[in-house]
Amino acid sequence: MTGFERGLRTAKGLFLPIFAAALLTGCVVGPDYQKPLLAMPASWSGQKPAKPAKPAQLSKWWLKLRDPELNALVEEAVAGNLDVATAKAKIREARASYRQSAGTLFPSADGSASATRNKVAATTSGGVGSETYDQYQAGFDASWELDLFGANRRGVEAARYRLDASEESLRSTLLTLIGDVASNYVQARGYQTRIALARRSAASQRQTAELTRTMALAGTATAADVAKAMGQASSIEADVPTLEANYAEAVHRLSVLTGRPPAALTARLKRPTSIPMPRLPIPTGIPADILLTRPDVRMAERQYAQYTAKVGQAEAARYPSVSLTGDISTTALKLGDLGRNSTIGWSFGPTLSVPLFNAGQLRAAVDIAKAQRDQYFIAYKTAVLTALEDVENTTVSLSQERVRNGKLASSAKSYGDAARLERTLYKAGETSLLDVLDAERSLYSAEDTLLQSRVSIATNYIALNKALGGGWDGTIDSTRPEVVDVGAGPRLASSTQ
């Protein structure tokens with residue numbers, strides 16, 4: 001057995017018992033995380049107490065709008081949106097941080113080697129002599145922090161909670177993204193429908209103007225009547241540019257949400273279709289469900305857990321720390337003698353570090369960690385209350401808009417009947433032009449308001465699903481980086497511009 005092997009065996013004999021003892025005696029300080037129990041309402045304000053609530057149906061809720069183009073845009077947005085790409089990169093960062101933190105629980109080891117050419121000169125009574133020789137050295141260094149009070153373990157715990165929070169952040173981003181895609185799509189279809197209505201109404205107004213001009217030639221109407229009819233037609237046509245601009249903005253937003261240039265979807269969505277309408281009503285479950293379905297609530301809870309672990313990490317810094325270090329080295333004058341005919345040395349032993357005086361810095365660090373933990377606990381409670389408020393508000397808005405829509409539909413029908421009757425009477429000379437113009441203006445306003453109400457119903461439906469936590473429930477690959485490095489290994493350096 002060589003001297004190097006004997007030294008290595010001796011080091012193992014000392015190292016392993018201490019390693020086992022540290023595993024058995026290690027402990028943690030600081031608070032252990034407990035998921036908070038918050039008082040939740042038993043039911044939503046609009047639910048009947050005697051009727052059991054049906055669970056919310058959140059899986060691919062946008063399919064209930066029954067629009068294939070919208071379904072395709074949602075898929076494309078999930079694949080190409082830049083906010084989603086950023087959230088996936090943050091997951092990769094959190095995973096790497098977790099692996100980095102986990103590495104602190106294990107020993108670290110480094111190997112080293114050197115080769116030197118040496119010259120020694122000596123002055124004697126007979127003159128100056130010199131000697132040149134080669135020296136080779138190889139070594140192995142190892143160290144391990146025993147983590148007696150759990151500082152590193154609390155760090156790993158915090159990193160794991162951070163990873164959980166980053167995954168919930170991705171889900172929250174997807175929830176917002178899908179809601180925005182659906183809302184902008186509904187708005188775009190709504191503007192298209194309102195533009196078509198304005199053009200039809202203006203065309204009808206111009207027909208009335210032409211009829212009035214014919215009657216003026218026959219002496220049964222005046223030039224002022226013709227001007228009034230033309231003016232109302234132009235007034236309705238003036239709404240079209242504003243609606244066109246709003247439509248273009250909605251399409252541009254959709255394009256960017258899918259990761260494309262603003263005008264990319266202009267040709268694709270040019271052909272108008274009807275405003276998507278959902279099947280109503282929808283089940284909303286019970287308030288406690290949002291603790292599980294809302295990703296922003298789950299993210300806030302994971303962040304609270306992360307900063308609870310950081311309190312223990314700060315607390316552990318106030319306690320002594322013990323590290324084990326060891327090294328083995330061999331030195332020879334010939335490369336082939338390393339490990340055999342060489343000088344072998346080794347050292348091994350613990351290092352104890354005790355914080356004696358730091359002017360209260362470590363105590364202050366604990367107080368900082370506790371204050372941060374409190375902030376995230378409050379943020380979690382705020383997220384829960386905000387989620388409850390969102391559901392209550394959108395439920396009321398959707399319910400009342402449905403009632404309003406029914407009244408508007410009845411109003412539009414009545415105004416339509418009135419406008420047709422006024423035109424008939426006007427042709428027969430039994431009513432004035434002002435009555436006709438007033439009836440047509442009222443009809444246009446009623447129909448336009450009805451279309452806006454339909455858009456509001458769809459957007460309130462979308463908002464309610466977002467408030468309940470409905471988002472993407474498919475698989476998202478967050479392992480692929482956006483930037484793939486090629487030839488990142490060792491190579492000759494080159495100048496870059």
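**View 1. Leu338 in a loop of the predicted model.** Leu338 is partly exposed because its relative accessibility is 25% (buried is under 20% relative accessible area, exposed over 50%, partly exposed in between; 1.4 Å probe, protein chains only). Leu338 sits in the loop between strand 3 (321–332) and strand 4 (343–353). Strands (E, at least two residues) and helices (H or I, at least four) are DSSP runs numbered from the N terminus. Tyr136 lies 202 residues away in sequence, yet 7.5 Å from Leu338, C-alpha to C-alpha. Leu338 touches Tyr136, Gln137, Ala138, Thr330, Thr331 and Ala332 (heavy atoms within 4.5 Å), leaving aside residues up to four places away in sequence.

This is a predicted model: local features need pLDDT of at least 70, side-chain atom pairs count only at pLDDT 80 or more, and totals for chains, interfaces and linings use all residues. Residues are numbered from 1 along each chain as its sequence is written, and side-chain values use heavy atoms, without hydrogens and water.

**View 2. Thr173 in helix 4 (residues 151–217)**. A polar atom of the Thr173 side chain lies 2.9 Å from the backbone oxygen of Ser169. Thr173 also touches Asp83, Val84 and Ala87, not counting residues up to four places away in sequence.

**View 3. Helix 4 against helix 6 (residues 239–257)**. Their axes come within 9 Å and cross at roughly 155 degrees (lines fitted to C-alpha atoms over the stretch in contact; angles run from 0 to 180 degrees between N-to-C directions). Helix 4 is therefore roughly antiparallel to helix 6 (angles over 145 degrees). Residues in the contact include Leu177 and Tyr185 of helix 4 and Leu243 and Tyr247 of helix 6.

**View 4. Helix 8 (residues 295–316)**. Of its 22 residues, 17 are buried.

Conventions:
A polar contact is a pair of N or O atoms within 3.5 Å; within protein, one must be able to donate a hydrogen and the other to accept it, and residues adjacent in sequence count only if both atoms are side-chain atoms. The expected span of a helix is 1.5 Å times one less than its number of residues. Angles under 35 degrees count as roughly parallel, over 145 as roughly antiparallel, 65 to 115 as roughly perpendicular and the rest as oblique.
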